Amino acid sequence: QLYQFVKLHLNYKKSIANGRKELTTTLVIDKLFTTISHNGSIRQKYTLKTTYKNVEVPEIIYQNIYAEEEITLHEAKDLKYLLGISVDETYFPVL
């Protein structure tokens, strides 16, 4: 676990130092809403199924994006994390 943490931290510092992100334009195929109940706690997942990959997003983004819509994914260059989504010149941060 320590090795994974150090690797993640170094990739994060590398990504911040370069200030780069990767933009991928993709098409939304479907929207998926899932409710998970475990030991009395309920969790809801909002997922966009795209031609590139499945992306888990917050509820506010899920409500503003429709199927068959073209979106741009903003991903950190050296990390596997999604930073935000752009739709028609509107940027939604995923944080």
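Rings of Phe, Tyr and Trp (its six-membered ring) are taken to pair if their centres lie within 6.5 Å, with planes under 30 degrees apart counted as stacked, over 60 as edge-to-face and the rest as tilted. Phe33, Tyr46 and Tyr62 form one aromatic cluster under this criterion. The structure is a predicted model, in which local features need pLDDT of at least 70 and side-chain atom pairs count only at pLDDT 80 or more, while totals for chains, interfaces and linings use all residues. Residues are numbered from 1 along each chain as its sequence is written, and side-chain values use heavy atoms, with hydrogens and water left out.

The structure contains 2 aromatic pairs. In one of them, phenylalanine 33 and tyrosine 46 are tilted, with 5.1 Å from centre to centre and 40° between the planes. This pair links distant parts of the chain, since phenylalanine 33 belongs to strand β1 (residues 21–38) and tyrosine 46 to strand β2 (residues 41–50), 13 residues apart. Helices (H or I, at least four residues) and strands (E, at least two) are DSSP runs, numbered from the N terminus. Tyrosine 46 also pairs with tyrosine 62; the ring centres are 5.0 Å apart and the planes are at 50°, so this pair is tilted. Because tyrosine 46 lies in strand β2 and tyrosine 62 in helix α2 (residues 59–64), the pair ties together parts that are 16 residues apart in sequence.

Accessibility was classified as buried under 20% relative accessible area, exposed over 50% and partly exposed in between (1.4 Å probe, protein chains only). Phenylalanine 33 is partly exposed, at 43% relative accessibility. Tyrosine 46 is buried at 10%, and tyrosine 62 is buried at 13%. Lysine 31 lies over the face of tyrosine 62, at 4.4 Å from the ring centre; a charge sits over a ring if NZ of Lys or CZ of Arg is within 6 Å of the ring centre and within 35 degrees of the ring normal.

An open sheet is formed by 6 strands in the order β3-β2-β1-β4-β5-β6, with antiparallel pairing; two strands pair if DSSP finds at least two bridges between them. The edge strands, β3 (54–57) and β6 (90–93), each pair on one side only. Strands β4 (residues 70–76) and β5 (residues 82–87) run antiparallel and are joined by 4 bridges. Glutamate 75 stands opposite leucine 82 in β5.
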